[in-house]
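Colleague: Please take me through the terms applied to this model, setting each value against its definition.

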Amino acid sequence: MPSKPANSSAPVLITGGSQRLGLAIAEDLLQQGYSVIVTYRSDKPAVQALRDKGADCIIADFSDEQGICQFIAYVLDNYSALRAVIHNASQWLNNTALDNQHQLMQAMWSVHVSAPYQLNIAFEELLKNHQDQQASDIIHMTDYVADKGSSKHIAYAASKAGLANLTHSFAAKLAPAVKVNSIAPSLLMFNQDDPPEYRTKALAKSLMALEPGASEAVAAVNYLLASKYITGRTIGLDGGRHLV
Ligand SMILES: NC(=O)C1=CN([C@@H]2O[C@H](COP(=O)(O)OP(=O)(O)OC[C@H]3O[C@@H](n4cnc5c(N)ncnc54)[C@H](OP(=O)(O)O)[C@@H]3O)[C@@H](O)[C@H]2O)C=CC1
Ligand SMILES: Nc1nc2c(c(=O)[nH]1)N=C([C@H](O)[C@@H](O)CO)CN2
């Protein structure tokens, strides 16, 4: 059996933990003995399975200020410490996902920048209350396109760049009690409806030319949680895409 992490009573908060990468991270941390809080918008069997394993699963929509504030209030009312906050919640909207471009940019900014910013500010003391030898962690799930841009997902990429910038600011503000880092994936998991021609083109964008799956993100999260030193940095999970 894995040894329980030190002070496992202070939970790890994962936003958007009901599927794919967030779900895999939540399941792995529960298996290691961490306490886990996840947010979700739509209930699914996977969420019930997390509840059955002891996770605190909270409905939260970060599309607007009310949803963000309601979630912050719940955490502050029910928890006194946090081991880590993993900002994973995200929508991958392309340029034509909404007719109204202002609403598209607002939606991307709200979930990828405003929510992480407000949660980091609100939870600073909880992260510092994590009484352990080791610093607490904030992890921002950004994207390879935060640096490179994306012609088809312009607002999405810009908002991920905003999230990546939060890493620098909060790393400087919260050290040494809290480490703040980004994980910047490129292709890790296809979506079920991705057609074969899209998959072929996406695989060709990286040197490794493969879909590695959620395990890459799980491994990167565990590396950051175990580190005593890395902060203000980005771990790129992109198969060498920058060299193609
Ligand atoms: N998968 C990949 O290959 C890549 C992923 N990434 C990044 O990694 C992270 C995880 O990716 P992936 O697992 O594919 O993510 P998903 O697209 O599966 O979305 C993750 C979760 O975010 C939640 N979510 C979406 N919008 C909101 C919102 N407005 N408020 C609250 N929650 C919301 C959803 O909850 P619900 O389902 O309950 O609605 C969903 O379960 C994301 O930040 C993504 O941008 C980056 C590059 C590649
Ligand atoms: N919230 C999401 N963000 C991203 C996803 C996703 O499924 N949900 N997928 C990608 C792609 O895998 C891209 O990296 C390669 O085509 C990007 N972001």
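Colleague: Why is Ser80 called exposed?

Modeller: Ser80 has 11 other C-beta atoms within 10 Å. A residue is exposed if 12 or fewer such atoms, placed from the backbone, lie within 10 Å of its own C-beta, buried at 20 or more, and partly exposed in between; Ser80 is therefore exposed. The model is a predicted one, in which local features need pLDDT of at least 70 and side-chain atom pairs count only at pLDDT 80 or more, while totals for chains, interfaces and linings use all residues. Residues are numbered from 1 along each chain as its sequence is written, and chains are lettered from A and ligands numbered from 1 in the order in which they are written.

Colleague: Where is Ser80 placed, and with which residues is Ser80 in contact, leaving aside neighbours within four places in sequence?

Modeller: Ser80 is in the loop between α3 (65–78) and β4 (84–87); helices are DSSP runs of H or I with at least four residues, strands runs of E with at least two, numbered from the N terminus. With those neighbours set aside, Ser80 contacts Leu126 and Asn129, contact requiring C-beta atoms, placed from the backbone, within 7 Å.

Colleague: What makes α4 roughly parallel to α7?

Modeller: Helix α4 (residues 101–122) packs against helix α7 (residues 154–174) at about 15 degrees, with axes 8 Å apart. Angles under 35 degrees count as roughly parallel, so α4 and α7 are described in that way. Their crossing is right-handed, the near helix being turned clockwise from the far one by less than a right angle.

Definitions and conventions:
Axes are lines fitted to C-alpha atoms, for helices over the stretch in contact, and angles run from 0 to 180 degrees between N-to-C directions. Angles under 35 degrees count as roughly parallel, over 145 as roughly antiparallel, 65 to 115 as roughly perpendicular and the rest as oblique. Two residues are in contact if their C-beta atoms, placed from the backbone, lie within 7 Å.
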